[in-house]
Amino acid sequence: VYDNIYMIKLIQKLMYKHKKQYIIHIQHLLLVLLLLLLLLSNKPHEAFTFNTYVNKYNKYNTYNKYNTYYKHTPTHTPPSSLTTTATTTTTTTTTLHSAVLPNTPSTPNLPPAPSSKIGVLFLNLGGPSTSTDVEGFLYNLFADPDIIRLPPLLSSFQKPIAAFISMRRAPKSIKAYNSIGGGSPIVKYTEEQAELVKAQLKERHNVEVETYVGMRYWYPFTEEALEKINRDEVTNLVIVPLYPQFSVSTSGSSLRLLQSYLTSPTPLLPPTIKHTVIDSWYDRPGYVSSVSSLTLSSLDSLPPGPDRHVLFSAHGVPKSYIQAGDPYQSQVEDCVRLIAQTLPPDVTVHLSYQSRVGPIQWLTPYTDDVIPRLGSEGVKSLVVVPISFVSEHIETLEEIDIEYKSLALASGVTNWRRVPALNTSPAFIADVADMVRDALDEPAVSVTSACVRNNCVDEGETTVDDMMAINGMKDDRLGNAEKVNGRLAMLGVVGTVFWEVASGKGVFSYFFGTG
């Protein structure tokens, strides 16, 4: 159903280029007929798979809103590609399982499938490796329309605004990166995670894969990873955004970019490549256990006594994003609840959101408000957990370790601990390997479906509530309020940009995982 709706949305966008009323009436009739044909063409006994309508996407989705961003010769050199091992098995169409896994029972009287190669693509935001990369990285960040949502009348100014802000912000950002060693370690950790997951898949499940890393805003870019996947002749691809909780600003941005590459008139990957997306994984028992274990270790290092507090600090987003359908806040809250259940009963748990900026309302409470309040209430022992990050980067190493630690000590907290990011924690790596293995068995989720079911759609296109109404399943919660909130979100972000220009205060920490 998601895929039919999405294809109709794309056709509808092309149809409505002309606004004459008599044409629109004819188009409405054609649209209804197309919907009926699509619904009748579905076979209800078949489980949904990601490649069911891939040819339809390639036929109709020729819209690519992304242009090439600022790039120059990278200071980061990706590791050389490794040999991908092929496996010969019997193919099924419901999941990736029997097409790619060894030792799968074959179906009698069916010929063997051609050799299959499994790839795992890890998506992340990226970060500058050296100070000379900072301005280009910032430009790519600010030029992303999923990050700065300009109204249609101002969309043509996206790149000039990005160029101005990145040039102006670069000196201050360089100082922040110099305070943590001169560059971001996020690429190093992501590549290490990818290689370790590959080894764990072989060791734990006897599944041989090749892993790839695609960064959103700096090298190695997503398109570089896709070119490698194509050269390696991968036939089955598992896509893993390295964000436990889904947000339009993180997983959504990376997946929408990937979708544009897959559905452009000259796609970077052929449509014959099967793929599936793991769009969020905050509630996996293995992930929860990994964070819990590191948190308990930090708690054990505190002096004995009842005064022990744990503050989960997640990256914030504007409230208007949540009101427009972003599932991030509810997923963060569920994640914290699951981890809190594993902690000792005498520990007091708090949740806050960091890195807000500008005059618009963000998710509350703010971390830099909660820490002084806890200090004023007499809290002496505080453990801070960066809940929405799986790798160290600027917002853990600089914002939490330097800024928030200084604030806590000045507020009266005497025993400060910061739980490290998961990085290459063995338990975390093992769970990611298990998650990839599970994805090979489960019904596949296409890039398009992952975007649609997380309300990650283009401003100006058919909204989620309109798409649901087409199929007679409109939810009252997704009515006019969502449209108003979407406009307010855009105006708020534009206000933030001009507030940054006028006041000189930092908009740099506005974004998720900025290296």
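The legends below describe several close-up views of a predicted model.

**View 1. An aromatic cluster is formed by Trp218, Tyr219 and Phe221, which ring pairs link together.**
The structure holds five aromatic pairs. In one of them, the ring centres of tryptophan 218 and tyrosine 219 are 5.2 Å apart and the ring planes stand at 80°, so this pair is edge-to-face. The rings of tryptophan 218 and phenylalanine 221 also form an edge-to-face pair, because their planes are at 65°, with 6.1 Å between their centres. Tryptophan 218 and tyrosine 219 are both buried, and phenylalanine 221 is buried as well.

**View 2. The charged end of arginine 356 sits over the ring of tyrosine 366, and the side chain of arginine 356 also meets aspartate 368 in a salt bridge.**
The distance from the charged end of arginine 356 to the ring centre of tyrosine 366 is 3.8 Å, while the salt bridge with aspartate 368 has an N to O distance of 2.6 Å. Arginine 356 is partly exposed, with a relative accessible area of 34%, and aspartate 368 counts as partly exposed at 29%.

**View 3. Arg284, Asp431 and Asp438 are linked in a network of salt bridges.**
The count of salt bridges in the structure comes to 15. Arginine 284 counts as buried at 17% relative accessibility, and aspartate 431 counts as buried at 7%.

**View 4. Helix α10 (residues 285-300) has 16 residues, and its buried residues are covered by elements that include both strands and helices.**
From its first C-alpha to its last, α10 reaches 22 Å, close to the 22 Å expected at 1.5 Å a residue. Among the buried residues of α10 are Tyr287, Val288, Val291 and Leu299, together with Ser290, Ser292, Thr295 and Ser298. What covers these buried residues includes β5 (309-315), β7 (381-386) and β8 (415-418), as well as the helices α12 (328-340) and α15 (426-441).

**View 5. Serine 251, in helix α9 (residues 248-263), is buried.**
The relative accessibility of serine 251 is 0%. Leaving aside residues up to four places away in sequence, serine 251 touches Pro241, Tyr243, Gln245, Phe246 and Asp279.

**View 6. Isoleucine 174, in helix α6 (residues 158-178), is partly exposed.**
The relative accessible area of isoleucine 174 is 25%. Apart from residues up to four places away in sequence, isoleucine 174 touches Ser131 and Val134. Although isoleucine 174 and valine 134 are 40 residues apart in sequence, their C-alpha atoms are 6.6 Å apart in space.

**View 7. Cysteine 451 is buried, and its sulfur is too far from the closest cysteine sulfur for a bond.**
That closest sulfur belongs to cysteine 456 and lies 4.5 Å away, and the structure holds zero disulfides. Cysteine 451 counts as buried at 2% relative accessibility, while cysteine 335 is also buried, with a relative accessible area of 0%.

Methods. Residues numbered from 1 in each chain as written. Predicted model: local features only at pLDDT ≥ 70, side-chain atom pairs only at ≥ 80, totals over all residues. Heavy atoms only, no water. Phe/Tyr/Trp six-rings, centres within 6.5 Å; stacked < 30°, edge-to-face > 60°. Buried < 20%, exposed > 50% of the residue type's maximum accessible area, 1.4 Å probe, protein only. Lys NZ or Arg CZ within 6 Å of the ring centre and 35° of its normal. Helix = DSSP H or I, 4+ residues; strand = E, 2+ residues; numbered from the N terminus. Expected span 1.5 Å × (residues − 1). Contact = heavy atoms within 4.5 Å. Disulfide = S-S within 2.5 Å. Salt bridge = Lys/Arg side-chain N within 4 Å of Asp/Glu carboxyl O.
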